[in-house]
Amino acid sequence: MFDYRLQVFHAVARRLNFTKAAEELYISQPAVTKHIRQIESHYQVKLFDRQGSKISLTPAGQTLYEHADRIFAVYRDLEFELNHFSKDHRGELRIGASTTIAQYVLPPILAAFHEKFHDIRLSLSTDNTEQIGKSLDLGEIDLGIIEGQTKQSQFKYTEFTKDEILLIARADHPLAKKESIDIQELLDVPLLLREPGSGTLEVIAHALKPLGVKLGQLKKEMQLGSTESIKGYLMNSNAMAFLSVFTVLEELHSKKFTVIDVDKLSIERSFLFIQPHGGKEGIADLFMKFAHRNNLR
């Protein structure tokens with residue numbers, strides 16, 4: 001329904017990368033460039049600044065991106081509501097989600113979805129990112145929601161919502177009064193880490209790499225398999241842990257925990273829907289559209 005050129009611009013602006021936008025849209029990079037130039041020619045503005053291989057939005061580009069975001073949100077709402085009138089939604093949806101998403105993000109969305117679509121039976125299994133990919137490959141689930149960095153070619157990935165990983169300590173930790181610590185101080189901090197295969201662990205490793213730090217250099221005090229175990233441990237020790245902001249909102253609000261800033265380290269990620277390529281649109285797509293409209297961002 002909407003202008004395809006705007007969709008191309010939105011993909012480039014969101015990723016700030018022409019190649020990745022082309023891969024996402026399954027078109028060539030020259031085609032992406034052509035669509036962007038057509039928009040720039042139409043409005044007589046420059047949308048991107050280019051410095052070598054890096055690009056950034058100009059003020060005009062930022063304005064268009066903000067409006068495009070709102071336009072696509074309106075179209076998503078319109079499409080969802082009108083499709084709801086024309087289809088008889090019933091059946092079963094088996095969802096597999098990584099621990100953070102299953103425990104802290106999905107429950108209110110699942111409840112709201114069930115309230116609207118009584119005839120769809122929902123089930124939710126929890127596992128790490130690696131295992132969810134295997135379960136989807138074996139047909140044991142219909143839709144995965146993961147937090148990892150690695151992507152496999154046999155799956156289609158769609159962004160769900162944004163997340164931030166924070167270094168967390170108890171509020172009266174000896175380092176809590178410092179504005180920040182540097183990367184060398186981080187290497188001396190005893191840390192609680194998740195199990196191998198965890199999407200959170202993968203994202204942390206990816207963020208540390210540009211700073212010349214490997215996971216093996218971190219001072220691991222203990223490896224725990226659940227966020228709640230980590231949070232309980234933190235309350236009773238001088239250890240710290242990298243945790244999703246979704247998992248500690250209540251403790252930060254009640255001032256049981258504090259965030260320890262690490263110089264030059266920012267860990268952001270996207271939670272992703274994961275599906276096999278070429279599947280027919282059905283209940284999984286309905287749930288994805290509903291979740292986009294009801295997420296906690």
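Predicted model: local features only at pLDDT ≥ 70, side-chain atom pairs only at ≥ 80, totals over all residues.

Student: Is arginine 15 buried, partly exposed or exposed?

Tutor: Its relative accessibility comes to 32%, so arginine 15 counts as partly exposed, since the buried class stops at under 20% and the exposed class begins over 50%.

Student: And what does arginine 15 touch, not counting residues up to four places away in sequence?

Tutor: With those neighbours set aside, arginine 15 touches Lys20, Ala21, Glu24 and Lys151. As for serine 56, which is 41 residues apart from arginine 15 along the chain, the two C-alpha atoms are separated by 9.9 Å.

Student: Let's zoom out. How is the protein divided into domains?

Tutor: Domain 1 covers 4-82 and domain 2 covers 89-296, and the centres of the two, taken over C-alpha atoms, are separated by 28 Å.

Student: Now aromatics. How many aromatic pairs does the count come to?

Tutor: The count comes to eight aromatic pairs. One of them joins phenylalanine 9 and phenylalanine 48 in a tilted arrangement, with 5.7 Å from centre to centre and 50 degrees between the planes.

Student: Which parts of the chain does that pair link?

Tutor: Phenylalanine 9 belongs to helix α1 (residues 4-15) and phenylalanine 48 to strand β1 (residues 48-51), so that distant parts of the chain, 39 residues apart, are linked by the pair. Both phenylalanine 9 and phenylalanine 48 are buried.

Student: What about phenylalanine 160 and phenylalanine 273, what kind of aromatic pair do they form?

Tutor: Phenylalanine 160 and phenylalanine 273 also form a tilted pair, at 4.9 Å centre to centre and with 40 degrees between the planes. Because phenylalanine 160 lies in strand β6 (residues 155-170) and phenylalanine 273 in strand β11 (residues 267-276), the pair ties together parts that are 113 residues apart in sequence. Phenylalanine 160 counts as buried at 1% relative accessibility, and phenylalanine 273 is buried too, with a relative accessible area of 0%.

Student: Which residues do ring pairs link into a cluster?

Tutor: That cluster consists of Phe113, Phe117, Phe287 and Phe290, linked by ring pairs.

Student: Switching to helices, at what angle do α2 and α3 pack?

Tutor: Helix α2 (residues 18-25) and helix α3 (residues 29-43) pack at about 105 degrees, with 8 Å between their axes, which means that α2 is roughly perpendicular to α3. On the α2 side the contact is made by Phe18, Thr19 and Ala22, and on the α3 side by Gln29, Val32, Thr33 and Ile36. By class, these divide into four nonpolar and three polar residues, with no charged ones.

Student: And how do helix α5 and helix α9 pack?

Tutor: Helix α5 (residues 99-116) and helix α9 (residues 227-234) meet at an angle of about 80 degrees, their axes being 10 Å apart, and they are therefore roughly perpendicular to each other. Thr100, Gln103 and Tyr104 of α5 make the contact with Thr227, Glu228 and Lys231 of α9, and this contact has one nonpolar, three polar and two charged residues.

Key: Residues numbered from 1 in each chain as written. Heavy atoms only, no water. Domains from an automatic or database assignment. Phe/Tyr/Trp six-rings, centres within 6.5 Å; stacked < 30°, edge-to-face > 60°. Helix = DSSP H or I, 4+ residues; strand = E, 2+ residues; numbered from the N terminus. Buried < 20%, exposed > 50% of the residue type's maximum accessible area, 1.4 Å probe, protein only. Axes fitted to C-alpha atoms, helices over the stretch in contact; angles between N-to-C directions. Parallel < 35°, antiparallel > 145°, perpendicular 65-115°, else oblique. Contact = heavy atoms within 4.5 Å. Nonpolar A, V, L, I, M, F, W, Y, C, P; charged D, E, K, R; others polar.
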